[in-house]
Amino acid sequence: RASAELDRLLEGLERRPRLAAMARAGLNPGRLETLESVAHRLAFELEAVTGGDVIVAIMLSPGLTVVGLGGTADSRLEGAVAPPESPLARLVLDGPPVLHTDEPPLGWRAADRRSQTRPAVLLPMELEGSRIGGVVIWPRGRQLPATALGQAEQALRRAAPRVSRARETSE
């Protein structure tokens with residue numbers, strides 16, 4: 001019993017500097033957020049809203065890179081760079097506001113090892129008229145309900161400024 005209490009005390013002491021830093025960051029939002037943490041939180045939010053598997057990809061120097069995954073998405077996709085001819089890259093560069101596709105969103109090269117060959121909904125992430133990334137949602141059913149799609153688009157609009165700030169500090 002004493003050992004368990006000591007472990008909890010030590011764990012609390014470990015967390016204290018992080019909690020203090022987070023409190024300071026509350027005065028200056030976005031200060032402690034990394035690109036990966038923002039993208040992962042967005043992916044989890046979209047996963048909760050849509051009930052599907054979600055990945056978040058952001059335009060970085062190597063190209064459109066997967067930096068965030070929902071809890072049920074294939075972890076091997078993290079760090080994957082979408083080839084320019086892939087549906088997700090085409091959407092982010094100059095596509096429609098929503099794209100429904102049966103093609104692998106990251107292209108066939110990634111699909112041969114990773115399970116992304118099922119219907120997907122692709123959405124761009126925009127900030128001030130410029131596309132900075134996109135998300136892939138693999139719905140559990142064949143279609144994503146309109147209400148879930150609307151909520152996903154709102155979540156993307158809310159997250160875009162945080163993603164942009166985090167991207168600037170990571171580059």
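Mentor: Start with the surface. The protein exposes about 9600 Å², and carbon and sulfur atoms supply 54% of that area. Such areas come from the Shrake-Rupley method with a 1.4 Å probe; for residues, only the protein chains shown count as cover. This is a predicted model: local features need pLDDT of at least 70, side-chain atom pairs count only at pLDDT 80 or more, and totals for chains, interfaces and linings use all residues. Residues are numbered from 1 along each chain as its sequence is written, and side-chain values use heavy atoms, with hydrogens and water left out.

Trainee: How many helices and strands does the protein have?

Mentor: Five helices and six strands. Helices (H or I, at least four residues) and strands (E, at least two) are DSSP runs, numbered from the N terminus. Along the sequence the pattern reads α-α-β-β-β-α-β-α-β-β-α.

Trainee: In what order do the strands form the sheet?

Mentor: First, the general idea. Strands of a sheet pair through backbone hydrogen bonds, either parallel or antiparallel. Here the six strands form an open sheet in the order 3-2-1-6-5-4, and the pairing is antiparallel. Strand 3 and strand 4 stand at the edges with a single partner strand each, so one side of each has no neighbour in the sheet. A pair needs at least two bridges found by DSSP. Strand 4 and strand 5 pair over three bridges.

Trainee: Which strands pair with strand 1?

Mentor: Strand 6 is one, antiparallel over six bridges. Strand 2 is another, also antiparallel over six bridges. Strand 1 and strand 2 form a hairpin, with two residues between them. Now pick out single residues. Val-56 stands opposite Gly-68 in strand 2. Ala-57 has Gly-134 in strand 6 as its bridge partner.

Trainee: Why is strand 1 called largely enclosed?

Mentor: Because six of its eight residues are buried. Buried means under 20% relative accessible area, exposed means over 50%, and partly exposed lies in between (1.4 Å probe, protein chains only). Across the 171 residues of the protein, 43% count as buried.

Trainee: Which residues touch the most other members of the largest nonpolar core?

Mentor: In soluble globular proteins, nonpolar side chains tend to be buried together. A nonpolar core is a set of buried Ala, Val, Leu, Ile, Met, Phe, Trp, Tyr and Cys residues joined through side-chain atoms within 4.5 Å. The largest one here has 26 residues, and Leu-42, Val-56, Leu-123 and Met-125 touch the most other members. Two or more residues come from each of helix 2 (35–50), strand 1 (53–60), strand 5 (120–127), strand 6 (130–138) and helix 5 (146–170). Helix 5 gives the most, nine residues. Apart from this core lies another, of 18 residues, among them Ala-57, Val-66, Val-136 and Trp-138.

Trainee: What does Met-125 touch?

Mentor: Contact means heavy atoms within 4.5 Å. Leaving out residues up to four places away in sequence, Met-125 touches residues including Leu-42, Val-56, Ile-58, Ile-132, Leu-156, Ala-160 and Val-163. Contacts also give a view of the protein as a whole. Among those between residues at least 6 apart in sequence, 55% join residues at least 24 apart.

Trainee: Which residues of helix 3 are buried?

Mentor: Pro-87, Leu-88, Ala-89, Leu-91 and Val-92, in a helix that spans residues 87–94. They pack against strand 1, strand 2 (63–69), strand 3 (81–82), strand 4 (99–101), strand 5 and strand 6.

Trainee: How many salt bridges does the count come to?

Mentor: Seven. The rule asks for a side-chain nitrogen of Lys or Arg within 4 Å of a carboxyl oxygen of Asp or Glu. Arg-76 bridges to Asp-74, with the closest N and O atoms 2.8 Å apart. Arg-76 is partly exposed at 45% relative accessible area, whereas Asp-74 is buried at 16%. Glu-126 meets Arg-131 at 2.9 Å, N to O. Arg-41 and Glu-33 meet at 2.3 Å, N to O. Shared partners join Glu-33, Arg-41 and Arg-162 into one network.

Trainee: Which residues form a nonpolar patch on the surface?

Mentor: Leu-6, Leu-9 and Leu-10, with about 290 Å² of accessible area together. Patches take residues with over 30% relative accessible area and no salt bridge; like charges are joined within 9 Å, nonpolar side chains (Val, Leu, Ile, Met, Phe, Trp, Tyr) within 5 Å. Leu-9 sits in helix 1 (residues 2–27). Leu-9 is exposed, at 51% relative accessible area.
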